[in-house]
Amino acid sequence: MRFICTGCEKQFPITRVDPRCDNCGEPLELPLVTGAINKHVPWHSCLTERYRDFFPFVKADTSLSLGEGFTPLISEANLSGELGLAALYLKNETLNPTWSFKDRGTLMGVQHALNLGYKRIGTVSTGNMAASVAAYGAHAGLETFIFVSDGIAAEKLGPVSIYGPHLVKVEGDYGRLYYESLKVGSENGIYFINSDVPFRVEGSKTIAYEICEQLDFCVPDFVVVPVSAGGNIRGIIKGFREFLASGLIDRLPVFVAAQAAGCAPVYRAYSHGDSTIERVEQPHTVAHAIENPYPPSGNEVLRQLRTLNGLSVAVEEQDILYWQRRLAQAGIFAQPASAVPLAALKQLRDQGIVNEDHTAVCVVTGSGLKYTAVLQQHGLTAYSCSLRELGSFIKHTFLVIQ
Ligand SMILES: *Cc1c(COP(=O)(O)O)cnc(C)c1O
Ligand SMILES: [Zn+2]
């Protein structure tokens, strides 16, 4: 089993840690695998057990699990009515151990690191990935290095440092930190589980497996994913392709890469028909989790969208906030990045690309509690009254028919 370059197909040994090709610089990936679902291993066991056939390249150790994956797929009638779809499903990834889908890929990355004999892991992140790697590193008893940019808000540091990693604020260009970390890692025996490393992509493919199982192998028409580095959508696409190649499903959905207009390198290249992405200058969006101006898997996401007739959509700030609120009003408090797929779906519906006969799955990638500062932008209010007048207040304010 070898890594294959997504750009030039050059092969590399599976013991490699650098996630990019020496030849063309594009990300590496593991080959498509086929198999069957291990049905006698129950749902809610470990991902590498139920889907064991699809992980031939790791010696799985279930004790590394913190209970990631096997998240609910919720049918949302009110939102599907508002959008005018036959059915809308929300894959609720906020229920993972550190409240985002990142935990799936972190488990696989830690697994690979341990298989290769590493005692140190790390990542470059300002948010969900930092918390995830810190948590899994702590659980596995590994020395864990988290590099963040020095401009990071204090409220984001606490939820990472609580796990006890070596947390380093690095001054300088954050974009270069990704590449610098790989160098520091190879010099110091630290396995950097960054955003789109091959094993992170392997983790994300389980989102697709679960969606197929939860829909009884009836493939939805559209699967909409918020895209930043691009690792998650690559994994979800790989998962559907592996189930198709295994004869478990009979077609692929249309994959939609959803981005915020304030930072949309994939959408821009896609809509201009370009084959490579360009760096976004001065990215700005409330959807911080997808604010990557130069996504390391951007070109590969473009290639996949082109090959599979996928789509890309960019959405405005006010629409992100609107759909964040609508999601919460449907019972799921997600972070702004995770509302981007709903805003994208609305746009596609307005354009008639999605219609009333279609079904769609939106991947709700991370919890709203990770970023409470945004609540100020929602103009939320509460009523007040005295205890003495509570009864009449309720009656007159809410219950009297006018
Ligand atoms: C990381 C992240 C994304 C983007 O995933 P990529 O693999 O970087 O494309 C989207 N939403 C949330 C909440 C995330 O944490
Ligand atoms: Zn290459």
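How exposed is Cys8? Cys8 counts as partly exposed, at 31% relative accessibility. The scale runs from buried (under 20% relative accessible area) through partly exposed to exposed (over 50%), with a 1.4 Å probe and protein chains only.

## Basis

This is a predicted model: local features need pLDDT of at least 70, side-chain atom pairs count only at pLDDT 80 or more, and totals for chains, interfaces and linings use all residues. Residues are numbered from 1 along each chain as its sequence is written, chains are lettered from A and ligands numbered from 1 in the order in which they are written, and side-chain values use heavy atoms, with hydrogens and water left out.

## Zinc site

Cys5, Cys8, Cys21 and Cys24 coordinate the zinc ion (ligand 2) through their SG atoms, at 2.3 to 2.4 Å. Donors are N, O and S atoms within 2.8 Å of the metal (3.2 Å for Na, K and Ca); water is not among the atoms, so sites may look incomplete. Along the chain, the donors are spaced C-x2-C-x12-C-x2-C.

The arrangement is tetrahedral because the four donor atoms subtend angles of 94 to 118 degrees. For four donors, that label requires all angles to lie between 85 and 135 degrees. Cys5 is buried, with a relative accessible area of 2%.

## Arg20

Arg20 sits in the loop between strand 2 (11-13) and strand 3 (28-29). Helices (H or I, at least four residues) and strands (E, at least two) are DSSP runs, numbered from the N terminus. Arg20 is buried, at 8% relative accessible area. Beyond its neighbours within four places in sequence, Arg20 is in contact (heavy atoms within 4.5 Å) with residues including Tyr178, Tyr179, Asp196 and Pro296.

## Nonpolar cores

A nonpolar core is a set of buried Ala, Val, Leu, Ile, Met, Phe, Trp, Tyr and Cys residues joined through side-chain atoms within 4.5 Å. The largest one has 67 residues; Tyr51, Ile236 and Phe240 touch the most other members. Helix 4 (residues 128-140) gives the largest share of this core, seven residues. Apart from it lies another core, of 36 residues, among them Ile290, Trp323, Ala344 and Val364.

## Second largest pocket

The second largest pocket holds about 270 Å³ of space. Its lining has 15 residues, and Thr6, Glu29, Arg241, Glu300 and Gln304 lie nearest its centre. Strand 1 (2-5), helix 8 (231-245) and helix 10 (298-307) each give two or more residues to this lining. Helix 8 gives the largest share, four residues.

On a 1 Å grid over the protein atoms alone, a pocket is an open set of points where a 1.4 Å probe fits, with protein on both sides within 12 Å along at least five of seven lines; lining residues have an atom within 4 Å of a point.

Most residues other than glycine have a negative phi. His44 has a positive phi of about 75 degrees. His44 lies in the loop between strand 3 and helix 1 (47-50) and is exposed, at 60%. Phe217 also has a positive phi, near 65 degrees. Phe217 is in the loop between helix 7 (198-214) and strand 10 (222-226) and is partly exposed, at 22%.

Phe222 lies in strand 10 and is buried, at 5%. Phe222 and Cys362 are 140 residues apart along the chain, yet their C-alpha atoms are separated by 8.4 Å. Not counting residues up to four places away, Phe222 touches Leu311, Ile353 and His358, among others.

Definitions and conventions: Tetrahedral: all angles 85-135°; square planar, octahedral: opposite > 155°, others 65-115°. Points joined across faces, edges and corners; volume = space filled by probe spheres on them.
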